[in-house]
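Welcome! Please take a moment to look over the sequence and the 3D view below, and then read on for a short tour.

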Amino acid sequence: MHYISTRGHAPVLSFEAAMMTGLARDGGLYLPETIPQMTHADIAALAGLPYEEVTARVLAPFMSDAFASDEFRVLIARAYAGFAHTARAPLVQLAPGHFLLELFHGPTLAFKDFAMQLLGQMMQATLARTGHRITIVGATSGDTGSAAMEAFRGLENVDLFILYPQGRVSEVQRRQMTTPTEANVHALAIDGTFDDAQARVKDMFNDFDFRDAVGLAGVNSINIARVLAQVVYYFAAASALGAPGREVDFTVPTGNFGDIFAGLVAKRMGLPIGRLVVATNQNDILHRCLSTGAYRPDGVMPTISPSMDIQVSSNFERALYYAHGADAAATAALMDDLKAGGFTLSQGVRDALAADFASGRASEDETAATITRTLAQTGELLCPHSAVGVHVAEQHLRAGVPMVTLATAHPAKFPDAVQAATGIRPALPPHMAGLYDRPERLTHVPNDLAALETLIHERRRA
Ligand SMILES: *Cc1c(COP(=O)(O)O)cnc(C)c1O
């Protein structure tokens, strides 16, 4: 399998190279050159298999010969061994026809662990083979950073720097990033928003001297390997609900569009997904764009679902590429317009997006009310992000088509918002006891490319 850039002017890469590269050198995002197909029989055969085996079967065609099949199964087993639930991604029922896919049983309590744990194993195996060293720089709205710390701390060939927006992550998220003691991981609190952090990371990738000098690698969802790992749970959930014999809809709490884009890949592989519903909080640029065609970022408002406080949604570029009929030049032109302030989609492109996506938003009050009501009606304690999803999903239920809402984080990661809505302060699971007592280690950094590059040069182990 070859990987190509959405903007058409970067080298074509193997799976391993695309995984180690992150952002394409033309500023675009890598995609598989073709989407492998799962037949009706292939999908039917997934029923009842362990999550690990579903992972091996769904991902194998994307990797060509990057890993031997036995080796790949060992990496998958290691990636998910630390999850607290044997189903890995259990489905629970909320109401007739409405299901919740709990993606928060990994070590850092958010869905980011599914991809990050596997990415950590695959990168480690690749580095062990080549003897290379890399410097990973990532931007986070809270959960990618903690998942990356957990996946890469203590690794010999990796230095990891995580940029998070100062004061805009939850205390649990911050502590997960600032309390690891290993010398190869660094939490950097940037003066700005998630969009600023993500923009500086992209600037580093576009500074080829810096990029090549430090061996820059990325673990944001600009990394195609991460998105592909997330395709698996769409197959696992749909199969449990009767696919391929039955169509299934999904609602996805969305920020950077990585998780829901994985759903689009699953659909294009042949999984019978009806609608993919984008659920946003009041930072609703994606909902507005899908409803009106106009994409114009303005300020980010802090909300009780901070992992979705985003205006510049990187992976939307991948969906736009497909909606333009895989036209790299048209995609590159849109991204130039975005730099100049925004863009408006043509009717044809809007129709193409509407064939796969619906959308909705939840206000702060609606999010809190959904946490309260869902607890009363089902006993399920939702995190605020999952509550945004449930609120929007309820407006998109269709008779005869099961709806799966992705529960993206554990309520204990956002205890203040959950307590305010329910009076219950969710406890951290036992493996995280002591998180509030450990000393924190972080560096405040300005929103300035040169200063960040200097700091990374100094801190990385040569
Ligand atoms: C990252 C995250 C999201 C948004 O996912 P994207 O792939 O960025 O759209 C939603 N909820 C939680 C809890 C997250 O950590």
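Rings of Phe, Tyr and Trp (its six-membered ring) pair if their centres lie within 6.5 Å. With that in mind, please note that this is a predicted model.

**Aromatic rings**

The structure holds 16 aromatic pairs. One of them joins F67 and F72: the ring centres are 6.1 Å apart and the planes meet at 10°, so this pair is stacked. The cut-off behind that word is an angle of under 30 degrees between the planes. F67 counts as buried because its relative accessibility is 7%, and F72 counts as buried with a value of 5%. Buried here means under 20% relative accessible area.

Which residues form one aromatic cluster? The members are the tyrosines Y51, Y80, Y233 and Y234 together with the phenylalanines F83, F114 and F250.

**Around the ligand**

Now to the ligand. The space that the ligand takes is the largest cavity. Around the ligand there are 15 residues, and the closest are K112, D143, G255, N256 and D259. Sorted by class, this shell has five nonpolar, seven polar and three charged residues.

How much of the ligand's accessible area does the protein cover? On its own, the ligand has 380 Å² of accessible area, and the protein covers 97% of it.

Terms used:
Residues numbered from 1 in each chain as written. Predicted model: local features only at pLDDT ≥ 70, side-chain atom pairs only at ≥ 80, totals over all residues. Heavy atoms only, no water. Near = heavy atom within 4 Å. Areas by Shrake-Rupley, 256 points an atom, 1.4 Å probe, with all protein chains shown as cover. 1 Å grid on protein atoms, 1.4 Å probe; cavity = no way out; pocket = protein on both sides within 12 Å on 5 of 7 lines; lining within 4 Å. Sits in = over half its atoms within 2 Å of the grid points. Nonpolar A, V, L, I, M, F, W, Y, C, P; charged D, E, K, R; others polar. Phe/Tyr/Trp six-rings, centres within 6.5 Å; stacked < 30°, edge-to-face > 60°. Buried < 20%, exposed > 50% of the residue type's maximum accessible area, 1.4 Å probe, protein only.
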